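Student: I'm new to this structure and I'd like a close look at just one part of it. Could you take me through it slowly and then show me what lies around it?

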Amino acid sequence: MHVHILGICGSFMGGIAAIAKSLGHTVTGSDTNVYPPMSTQLEQLDIELTAGFDTQQFTPCPDMVIIGNAMARGNPAVEYVLNRNLPYTSGPQWLLDNLLNDRWVIAASGTHGKTTTSSMIAWILEDVGLNPGFLIGGVPENFGISARIGVSPFFVIEADEYDSAFFDKRSKFVHYRPKTLVMNNLEFDHADIFENLDAIKKQFHHLVRCVPANGTIISPADDTNLEDVLNKGCWSETQKVGDSDASDWRAELINADGSQFNVWQHNKLVGCVNWELIGDHNVSNAVMAIAAAHHAGVQTADAINALSRFKNVKRRMEVKGEIAGITVYDDFAHHPTAIQTTIAGLRHKVGDSRIIAVLEPRSNTMKMGIHKDTLANSWQQASEVFLFEPPNVDWSMQALVANSIAPVHLYQDTDRIIEAVVELAEPGDQILVMSNGGFNGIHQSLLTALAVKFTNNI
């Protein structure tokens with residue numbers, strides 16, 4: 001078939017494109033705001049990409065149009081599909097119909113950690129020779145691609161609670177029907193589509209309803225929001241990850257930065273993870289991944305051993321470069337909790353070294369001001385904060401400057417941020433850039449400007 005994807009450059013839709021291509025379909029697509037790593041993946045897959053949504057892209061006419069959830073009524077391409085009654089579907093529904101129905105689906109859900117946890121699970125299964133399929137909202141560096149069909153019964157998927165399409169407002173994850181479900185955590189997010197936290201809990205319980213009786217749900221022992229979800233009704237085995245002896249699984253830090261930790265299963269020490277990642281959040285992600293792989297039949301010791309060779313996902317504390325002893329990181333953090341845990345993990349790693357945090361509050365929830373009362377508290381372990389104020393925010397960020405203990409510098413222009421950060425930077429500094437978008441290519445611009453300042457060559 002000829003499959004055409006509207007909104008192909010999103011992390012999920014790019015994965016759909018890779019899977020459709022692997023299944024033998026001709027794949028084309030269109031989007032705006034194209035940037036790595038997804039643009040690179042599509043180029044490597046030799047998928048024809050149209051910039052924008054002009055209706056000429058439907059010549060020749062595709063057999064099926066997959067419409068991403070960023071597409072809305074009024075979009076010329078969407079209107080063309082509807083007016084001409086072209087066959088169309090959502091990405092999650094297409095995935096269920098074409099791939100997931102006969103697979104053992106392992107889904108990683110939650111407000112934070114979905115991408116990293118699903119990448120860990122996929123890598124554990126790969127490392128023990130199970131060759132899983134996967135679709136992940138990022139590019140795991142162990143694989144170099146965000147999605148593949150695999151050859152085993154297992155399919156690992158990042159289970160996003162965001163809606164499926166303009167014509168299907170259910171969360172994506174209700175289409176996945178997992179046998180193994182990880183629920184990492186639950187906080188209020190996506191205020192553009194969810195009225196309140198209870199609305200998100202309702203969608204999570206729809207997901208719980210899809211897990212079979214012979215399936216397993218793995219969740220933290222101390223997340224009251226997820227306990228509320230499970231208390232609405234649960235028909236599957238549950239396993240708890242926590243700090244107490246009563247938990248099914250728990251971690252015991254050896255190094256404070258999370259680079260080494262023991263794993264306990266049913267109060268028995270089963271091994272030690274010694275790896276490249278840092279941060280309490282990644283320790284939690286790892287234990288969740290080990291538990292999920294165990295349900296799929298992987299020996300715990302083998303899962304622990306596999307994580308010693310795990311490489312993180314692109315844009316998750318990814319080192320973009322080092323100039324004159326100054327390290328520049330790229331991280332996807334876009335919620336106060338994620339910002340706090342990311343900075344805390346780096347602080348544990350670098351000790352008293354100066355951390356310069358550069359933040360773009362880009363998500364719809366951020367722009368609406370939902371987190372304005374908690375955002376300033378999230379970066380207090382940073383030494384300096386450079387905050388970009390987008391032109392289309394619904395609130396003034398000036399109050400964040402006054403309410404922060406850590407010094408905050410507010411800018412409406414990324415070029416000025418680059419100038420200010422480079423002027424401040426000295427050898428030994430850690431520059432942590434946090435955004436869930438391209439941020440105008442600020443990472444490379446910082447490295448280039450630092451090279452001019454310190455070495456006069458790149």
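Here's my spot: leaving aside neighbours within four places in sequence, which residues is I355 in contact with?

Tutor: Happy to, with one thing to keep in mind: this is a predicted model. Leaving out the residues within four places of it in sequence, I355 is in contact with I343, L346, R347, V350, Q381, A382, S383, E384 and Q430. I355 belongs to strand β20. Is I355 buried or exposed? It comes out as buried, because its relative accessible area is 0%, and the limit for buried is under 20%. For another landmark, look for W379: its C-alpha atom is 10 Å from that of I355, although the two residues are 24 apart along the chain.

Now zoom out to the sheet. Strand β20 is part of an open sheet of six strands, in the order β18-β19-β23-β20-β21-β22. That order puts β20 between β23 and β21. The pairing in this sheet is mixed. As a reminder of what that refers to, strands of a sheet pair through backbone hydrogen bonds, either parallel or antiparallel. At the edges you'll find β18 (318–323) and β22, each pairing on one side only. Neighbouring strands here are turned by 15 degrees against each other on average, if you ignore direction.

Helix α14 lies across β20, β21, β22 and β23, and runs at about 170 degrees to β21. Its buried residues are T414, I417, I418, A420, V421 and V422. These pack against β20 (355–359), β21 (384–388), β22 (408–411), β23 (430–434) and also α15 (442–454).

To put your spot in context, look at another sheet. Five strands form an open sheet in the order β3-β2-β1-β4-β5, with parallel pairing. Its edges are β3 (48–51) and β5 (88–90); each has a single partner strand, so one side of each has no neighbour in the sheet. The twist there averages 25 degrees from one strand to the next. At one end, β2 (residues 26–31) pairs with β3 in the parallel sense over four bridges, and T28 has E48 in β3 as its bridge partner. A helix comes in here as well: α4 (residues 91–98) lies across β4 (64–67) and β5, at about 95 degrees to β5.

One more strand is worth a stop, and that's β6. Five of the six residues in β6 are buried. It runs parallel to β9, joined by five bridges, with V105 opposite F155 in β9. It also runs parallel to β12, joined by four bridges, with S109 opposite M183 in β12.

Beyond residues up to four places away in sequence, S171 touches D160, E161, Y162, D163, S164, F194 and Q203.

Last, a quick word on rings. The aromatic cluster made by Y88, F166 and F167 is one to look for. F173 and F204 form an edge-to-face pair, with 5.0 Å between centres and 75 degrees between planes. F173 is in the loop between β11 (168–171) and β12 (180–183), while F204 is in helix α6 (residues 197–210), so this pair ties together parts 31 residues apart in sequence. Both F173 and F204 are buried. Two charges sit over rings as well: the charged end of K179 is over the ring of W104, 3.9 Å from its centre, and the charged end of R250 is over the ring of W264, 4.5 Å from its centre.

Note on methods. Residues numbered from 1 in each chain as written. Predicted model: local features only at pLDDT ≥ 70, side-chain atom pairs only at ≥ 80, totals over all residues. Heavy atoms only, no water. Phe/Tyr/Trp six-rings, centres within 6.5 Å; stacked < 30°, edge-to-face > 60°. Helix = DSSP H or I, 4+ residues; strand = E, 2+ residues; numbered from the N terminus. Buried < 20%, exposed > 50% of the residue type's maximum accessible area, 1.4 Å probe, protein only. Lys NZ or Arg CZ within 6 Å of the ring centre and 35° of its normal. Pairing = 2+ DSSP bridges. Axes fitted to C-alpha atoms, helices over the stretch in contact; angles between N-to-C directions. Contact = heavy atoms within 4.5 Å.
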